[in-house]
Amino acid sequence: MFDRREFLRIAGLLGVSRALPARAQPQPRFEEYPFALGVASGYPRPDGMVLWTRLSGRPGPAAIPVRWEIASDEAMRSIVATGTAEAQPAWAHSVHVEARGLAPDRWYWYRFLAGGAASPVGRTRTAPAEGANPARLRFAFASCQHFEHGYFTAYKHMVADDLDLVVFLGDYIYESSLRRNQVRIHDPADEPVTLDEYRARYEQYRSDKDLQSAHHAYPWIVTWDDHEVDNDYANDRQEDGTPPQEFLLRRAAAYRAYYEHMPLPARMRPNGPAMRIYTDWEWGSLASFYLLDCRQYRSPQACPRKAGGGNEVDRRECTELRDASRTMLGAAQETWLDGRFASSRAKWNIVAQSVLMAQRKTASDERQMVWSDSWDGYPIARRKILDSIVSRRLANPVVIGGDVHMHFVADLKPDFDDERSPVVASEFVGTSISSSPGRWQRDMPSILAQNPHIKYGNGERRGYVRASIAGGRFNAELIGLYTVKKPDSRAEVMARFAVEDGRPGPQRL
């Protein structure tokens, strides 16, 4: 255990010690264009949303006043809201504006101004009024964008879609480098550990023009997975056995950089290594989203082969899997989610989280292997959520996820091993934006044969999922790119599925 003095010393080395607000510089002069990282919006409400930017280049050690404007037209002639925010150096000169006083259910345009420079104009929108009954919601969900594995061309196609929202489900950056067969190269290549290093990684990802264009086109709501910090981390455990208090300092640096680069509301601002990002979000009475955090509070993975992290485990031999105290979400988040299920009046309820929820086993006469980092590693906690869906009579539950770099479509059942167990929810997992597929693609015929609740599985393509709710139906189109090795690849719909109102379980169209 570190004593307080040692803890603060290492925190200073990692750049996560507390800093007082800097005095504002009234008339800043920039050596470089300050809005090179673009703009973004997120978490739309009926009366507003969060607007984000970060001043890039070398803005200096002073706080900088940044003016923001919202207009009812793309030419920014009809300004309907404006104000000034301070970009503080302690927060990488990022700006998070929580705009209010706007009309519900309509599109707006926005920009930032500082030191004589103007940002690109972004487009955003407000949510329908509370209790309103909108006719539709169109959104895309995406995950897993390794800069080195390929171009983020999927966003180019996403921008061309007629969407209301983007939902990002984790692995916005990758801390690790490929070291071989790179399409692009991390700079610097070493894994980030300090705050400045995480900031540099985000700055490189945020410089991607296709990613910027998707942020400019739509508001986003987001959650994280592991690579925003370190592969397969669980709570305060790192897979290489780093002492927990030391790893928490790294986690604090990663969480701070995450906040600095995402359009998050102020209530999500981190406090050291703690950052509450789980929340719910509504689209009138049509849909409620529950964005979950599957990393910060989870129990360590069961039966690890090394100090920590995920691996294939035999569920017959790994007795830890049957430990009822093990959790994916933590007790507080589980209680919160059950309460939200109980109070929901939405017609459709979308559980947005980062990993595959359906059971995916590969069995032989001697072994039954499951992946310990997914919900298969937390089967009792998974059962608790599915039982909550049933007991709370949650209307039209749909689970969406990422992580596995494959498209999966599945029935969700309280007991996957019992053919008589009822289907209580539907699951759609999207493939990666660019991250390469794992060996599961080679095992796909066996996976589909041994897991009849999985109705579709394909990891051949990178892409995303385009979804809509309208006319009493949830529609999902699984989008696949021909390649991410070239920035101008075409895309196509690989499969279409629908969930009918009141009938859980996806049906192929």
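Predicted model: local features only at pLDDT ≥ 70, side-chain atom pairs only at ≥ 80, totals over all residues.
Which hand, left or right, does the crossing of H6 and H7 have? The crossing of these two helices is right-handed, meaning that the near helix is turned clockwise from the far one by less than a right angle.

Residues are numbered from 1 along each chain as its sequence is written, and side-chain values use heavy atoms, with hydrogens and water left out.

The axes of helix H6, residues 331–343, and helix H7, residues 379–391, come within 9 Å and cross at roughly 20 degrees; helices here are DSSP runs of H or I with at least four residues, numbered from the N terminus, and axes are lines fitted to C-alpha atoms over the stretch in contact, with angles running from 0 to 180 degrees between N-to-C directions. H6 and H7 are therefore roughly parallel to each other, the term for angles under 35 degrees. In contact, that is, with heavy atoms within 4.5 Å, are Glu-334, Leu-337, Asp-338 and Phe-341 of H6 and Ala-381, Lys-384, Ile-385, Ser-388 and Ile-389 of H7.

Turning to Thr-362, this residue is found in strand S16, residues 362–363, where a strand is a DSSP run of E with at least two residues. Leaving aside residues up to four places away in sequence, Thr-362 touches Arg-367, Gln-368, Met-369, Ile-447 and Gln-450. Thr-362 and Asn-451, although 89 residues apart in sequence, are 8.3 Å apart in space, C-alpha to C-alpha.

Key. Parallel < 35°, antiparallel > 145°, perpendicular 65-115°, else oblique.
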